[in-house]
Amino acid sequence: MEYRSNYILRALRGDANIFTPNILKVDRSGVTFYKRNHFLINVDERFIPASSIASVMVNTGILGATLIVVSKGGNEISITGLSISDARRAKEEMLSYLET
């Protein structure tokens, strides 16, 4: 499933790239994070395989949530600007893939 960050929620947290939302794709193979780079030409992609996910955390605020996925090697993917319900749904989806 694909989750997109909200521009307004990102802007309130200091990430005000108006050109594209940050995108998090969750599937059985793992988690992929897409973010427009600083030059606005390319998209940076980070992937953590499902077998390497160590923890998934949701930090909620008044206006949104940040989802943090940490790998067993210590790398992490952090996506800000998600709605609280989307962040919790993504976490539950990742945890269900880890259990199977």
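What span should the 16 residues of helix 2 have at 1.5 Å a residue, and how far apart are its end C-alpha atoms? The helix should span 22 Å and its end C-alpha atoms are 23 Å apart, which agrees; the expected span is 1.5 Å times one less than the number of residues.

This is a predicted model, in which local features need pLDDT of at least 70, side-chain atom pairs count only at pLDDT 80 or more, and totals for chains, interfaces and linings use all residues. Residues are numbered from 1 along each chain as its sequence is written, and side-chain values use heavy atoms, with hydrogens and water left out.

**The sheet**

Four strands form an open sheet in the order 1-2-3-4, with antiparallel pairing. Helices (H or I, at least four residues) and strands (E, at least two) are DSSP runs numbered from the N terminus, and two strands pair if DSSP finds at least two bridges between them. Strand 1 and strand 4 are the edge strands, each pairing on one side only. Strands 3 and 4 pair through seven bridges, and Arg36 stands opposite Val43 in strand 4.

**Helix 2**

The buried residues (under 20% relative accessible area, 1.4 Å probe, protein chains only) of helix 2 are Asp86, Ala87, Ala90, Glu93 and Met94. The face turned away carries Glu92 and Glu99, which are exposed (over 50%).
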